[in-house]
Amino acid sequence: MSPTDPRPTGAKPASAPLGWLEPRALDLDSVPTNDGRTLTDVMRTRRSARTMTAPPIEAVAQVVRKTLLADFAGVGSNHGRKLKAVVSAGALHPIQSVIVSGACDPVIYDDDSDQFFSVQVRDDVRLQAFVENCRTVLPDAGGCWVALIADCRDLSSLYTDHQSLLWRDAGAVIQMMALVAEAHGLAFCPLGILGTEIVEALLTNHHHHHAVAVGVMAIGKGEAA
Ligand SMILES: Cc1cc2nc3c(=O)[nH]c(=O)nc-3n(C[C@H](O)[C@H](O)[C@H](O)COP(=O)(O)O)c2cc1C
């Protein structure tokens, strides 16, 4: 082992939900998808697309949900562990998502309750900075921005040198979301920026130090759609 390899500490997962402002449950009905396509087909046709228009938020929500849905949440000694389509170190699944669109308040997905919530903005200047930075990277992406935030509380108590785990977990989520977006016939492109401003824009002070922005993606209607 190298000195920077993460090692289990033997601690147990314990974290309560992150501190969002005034979460309100949303009903984002399912939309028709191209689910009949084979995985091989989806893998062969997926490509990053940088020109897109605004999709229905329900369509983006379904991509987020299919990527982050917990098929099984551990009980007893496995409390805090989850099984999903996407892989995660220690089955902790610390990566959460926020959908940012010009059309409504930011929307988070809670994998414990399998529900979407609209949340209030704590710092509008930071939110606008987030959106402007995204637009600078992909000026022709008129879709939604999906920001990924890692909740480091359990990860840092269960592992020494936990930092590399959250970046690898984020990569796994980005790859899975790219495939799910393709299966849903949506345009998708990851951004090189981390979207750091989203943490201060949305989370309460108490949780800033435990949350790390780990990436942003554009999802929308492609040119052919
Ligand atoms: C972490 C990450 C960051 C990326 N950042 C950008 C970006 O800032 N701008 C962009 O146009 N594409 C970005 N991409 C998309 C890559 O350029 C793209 O995946 C690569 O060229 C391969 O093309 P393909 O996805 O169409 O197969 C990013 C991809 C990843 C995984």
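## A loop residue with positive phi

Alanine 91 sits in the loop between strand E4 (82-84) and E5. Its phi is positive, about 55°, although alanine 91 is not a glycine. Most residues other than glycine have a negative phi. Alanine 91 is partly exposed, because 17 other C-beta atoms lie within 10 Å. The model is predicted, so these values are computed from predicted coordinates.

Glutamate 22 is another such case. Its phi is near 45°, again positive in a residue other than glycine. Glutamate 22 lies in the loop between strand E1 (7-8) and E2. Is glutamate 22 buried or exposed? Glutamate 22 is exposed, because it has 9 other C-beta atoms within 10 Å.

## The chain as a whole

The chain has six helices and eleven strands. Its C-alpha trace spans about 50 × 45 × 35 Å along the principal axes. A compact globule of 225 residues would have a radius of gyration near 17 Å. The chain has 17 Å, so the two agree.

Of the 225 residues, 38% count as buried.

Seven strands form an open sheet. The order is E2-E7-E6-E5-E8-E11-E10, and the pairing is antiparallel. Strand E2 (24-26) and E10 stand at the edges. Each has a single partner strand, so one side of each is left without a neighbour in the sheet. On average, neighbouring strands are turned by 30° against each other, direction ignored.

Two helices pack on this sheet. Helix H2 (residues 57-68) touches strand E5 (95-100), strand E6 (107-110), strand E7 (115-118), E8 and E11. The direction of H2 makes about 175° with that of E5. Helix H5 (residues 163-183) touches E5, E8, E10 and E11. The direction of H5 makes about 15° with that of E11.

E2 pairs with E7 in the antiparallel sense, over three bridges. Leucine 26 has phenylalanine 116 in E7 as its bridge partner.

E7 also pairs with E6, antiparallel and over four bridges. Here aspartate 110 has glutamine 115 in E7 as its bridge partner. E6 and E7 form a hairpin, with four residues between them. In the turn, aspartate 114 has a positive phi of about 55°.

How many of the eight residues of E8 are buried? Eight of the eight are, so E8 is largely enclosed by the rest of the structure. In a regular strand the side chains alternate between the two faces of the sheet. From E8, Cys144, Val146, Leu148 and Ala150 point one way. Trp145, Ala147, Ile149 and Asp151 point the other way, and all of these residues are buried.

E8 has partners in E5 and E11. Six bridges join E5 to E8, and the two run antiparallel. In that pairing serine 97 stands opposite leucine 148 in E8. Eight bridges join strand E8 (residues 144-151) to strand E11 (residues 211-220), again antiparallel. Alanine 147 stands opposite valine 216 in E11. Alanine 150 has valine 212 in E11 as its bridge partner.

## Around the ligand

Which residues surround the ligand? They are Arg47, Ser48, Arg50, Val137, Ile174, Cys189, Pro190, Leu191 and Gly192. By class, the shell has five nonpolar, two polar and two charged residues.

Strand E10 (residues 187-191) gives the most to this shell, with three residues. E10 is also an edge strand of the sheet, with a single partner strand. Helix H5, which packs on the sheet, touches E10 among other strands.

How values were computed. Residues are numbered from 1 along each chain as its sequence is written. This is a predicted model: local features need pLDDT of at least 70, side-chain atom pairs count only at pLDDT 80 or more; totals for chains, interfaces and linings use all residues. A residue is near a molecule or strand if its C-beta atom, placed from the backbone, lies within 6 Å of it. Ala, Val, Leu, Ile, Met, Phe, Trp, Tyr, Cys and Pro count as nonpolar, Asp, Glu, Lys and Arg as charged, and the others, Gly among them, as polar. Two strands pair if DSSP finds at least two bridges between them. Axes are lines fitted to C-alpha atoms, for helices over the stretch in contact, and angles run from 0 to 180 degrees between N-to-C directions. Two residues are in contact if their C-beta atoms, placed from the backbone, lie within 7 Å. The radius of gyration is taken over C-alpha atoms; the globule rule is 2.2 Å times the number of residues to the power 0.38. A residue is buried if 20 or more other C-beta atoms lie within 10 Å of its own, exposed if 12 or fewer, and partly exposed in between; C-beta atoms are placed from the backbone.
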